[in-house]
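Please look over the sequence and the structure first.

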Amino acid sequence: MRIFSGIQPTGRKHLGNYIGAIRQYVEGQDRGDPAIYCIVDLHATTVAYEPAELRRNLYDTTAILLAAGLDPGRCVLFRQSDVPEQTELTWLLSSVTAHGDLNRMHQFKDKSARQKDLVSAGLFFYPVLMAADVLAYRADEVPVGDDQRQHVELMREIARRFNERFGETLVVPDHKIPEVGARIMDLQDPSRKMSTSVPGDAGRVLVLDDEKATRKKLGSAVTDSGREVKRGEGKEGVANLIGIYAVATGKAEDEVEAEFEGAGYGDFKKALADAVVEYLKPVRERYPEIREDEAGLERILAEGAAKARALASETLADVREAMGVGVPRS
Ligand code: AMP
Ligand code: TRP
C-alpha cells in the first residue's frame, strides 16, 4: 500500500494540521510501502509570498514533521520542487482535466477572493499539481483533513479519465480522513475552520506555541451560554473542544462527555489545556535542535528526493509512452 500526502510550507502549523493530517502521517509510516510525504513549495507560490520567507518556512515545516515523529528511515520525506517529474506530470494531466471542474473548487474560490493584487493562473491550476503529486507515485491512500476532500475527488476523476483515454496507467487513490478531528474549528469562531490565513492568532493553537500561549488560547475559546459539556445544536464551540480533547487523550467523544458530566466549562477547559500541552510537548521539545541544523535538513530532503524521483520517473515513462509524447520506448 502506497501512502502519499503533501503539506504546505507555511511554517505556522496549527493544531488543525496536526490533528487532521500530521498525526496520520506518523501513523502511516509503518503501513506505507512506502509512505511518501512532500513539502509542497511549488503550491506555496500560487499566492503572494516572499522568496526568503518561503525558504525559512520550508525548513520550519520540515523540522516540525521530523519533531512530530517522521523518520526518514521509515518514510520518504522530500521537497516538491526537487522532483521535476511532478511538474511535468501536471502539464500532461491538464489534457484530461476539465476546466469546469477546476472552476468548481471551493479552495480556489476562497483563496482567490482573498488575493489583493493578483489571482494567479497557478492558483487555478493548484489542484492539477496536487493530482500530479499523488498520481506520480501511484499512491493508494492520501491522508488529509476534510478540507481536501474535493481535491482528492478531482484527482480520482483525473486518474479515471486518463486511464479511460490512454489505457490503464494510473492508480485511482482513496482519501483517508480521520473520524474525529478532520475539521478542527477556529477557537474564536467555531463556524470556520482553524486556518493560517485568518488574521489574528487567538483562534488557533500553533504546534510551536509555548505552554502559556496554548493555555491562554484554549482558556478563552468561544463556547456558548449553556453549561453542559456535550455536542449538539448551537454547541459547535464546545463540540470542537470535545473533539480536540478526545484526540489529545486518545478517548472517544462519548467518553469525554461522560467524563465531564456535571462539570462546568471552566473545569473542562482546564483539563483540555493540560491535555493539549502534554500532547504537543514532545514536538515542541524536539523542534529547536532539529530546526537549527539546516545542512542536516537539506541532507534528509536530498535523500528523500532521490528516492521519490526513482518512483516518479517510472510513472512518467509510462505516462509519456501512453500519451505518445517524447522518444518512443522501443
Ligand atoms: P496545509 O497547511 O494547508 O498544507 O494543510 C495540511 C493538512 O492539514 C491538510 O491535509 C489539511 O487538510 C489539514 N488541515 C488544515 N486545516 C485543518 C483543520 N482546521 N482541521 C483539520 N485538518 C486540517
Ligand atoms: N493542498 C494540500 C493542502 O493545502 C496540500 C497538498 C499538496 C497535498 N499536494 C498534496 C495533500 C497531495 C495531499 C496530497 O493541504
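Predicted model: local features only at pLDDT ≥ 70, side-chain atom pairs only at ≥ 80, totals over all residues.

Asn17 uses its side chain, with a polar atom 3.1 Å from an oxygen atom of ligand 1.

How much of ligand 1 does the protein bury? The protein covers 91% of the 490 Å² that ligand 1 exposes when taken alone.

## Ligand 1: the shell

The shell around ligand 1 holds 18 residues. Gln8, Lys13, Gly145, Asp147 and Ile184 are the closest. Sorted by class, the shell has eight polar, six nonpolar and four charged residues.

## Ligand 2: polar contacts

Asp133 places a side-chain N or O atom 2.7 Å from a nitrogen atom of ligand 2. Gln148 brings a polar side-chain atom to 3.1 Å from a nitrogen atom of ligand 2. The side chain of Gln8 has an N or O atom 3.3 Å from an oxygen atom of ligand 2.

Alone, ligand 2 exposes 370 Å². The protein buries 91% of that area.

## Ligand 2: the shell

Two elements each give two or more residues to the shell around ligand 2: strand S1 (3-7) and helix H7 (121-135). H7 gives the most, with four residues.

In total, 13 residues surround ligand 2. The closest are Gln8, Tyr126, Met130, Asp133 and Gln148. By class, seven are nonpolar, five are polar and one is charged.

## Helix H3

Helix H3 covers residues 51-68, which is 18 residues. From first C-alpha to last, H3 reaches 26 Å. That is close to the 26 Å expected at 1.5 Å a residue.

Why is H3 described as largely enclosed by the rest of the structure? Because 13 of its 18 residues are buried, where buried means under 20% relative accessible area. Just after H3 comes Gly69, with a positive phi of about 125°.

Terms used: Residues numbered from 1 in each chain as written. Chains lettered and ligands numbered in written order. Heavy atoms only, no water. Near = heavy atom within 4 Å. Polar contact = N/O pair within 3.5 Å; in protein donor to acceptor, adjacent residues only side chain to side chain. Areas by Shrake-Rupley, 256 points an atom, 1.4 Å probe, with all protein chains shown as cover. Nonpolar A, V, L, I, M, F, W, Y, C, P; charged D, E, K, R; others polar. Expected span 1.5 Å × (residues − 1). Buried < 20%, exposed > 50% of the residue type's maximum accessible area, 1.4 Å probe, protein only.
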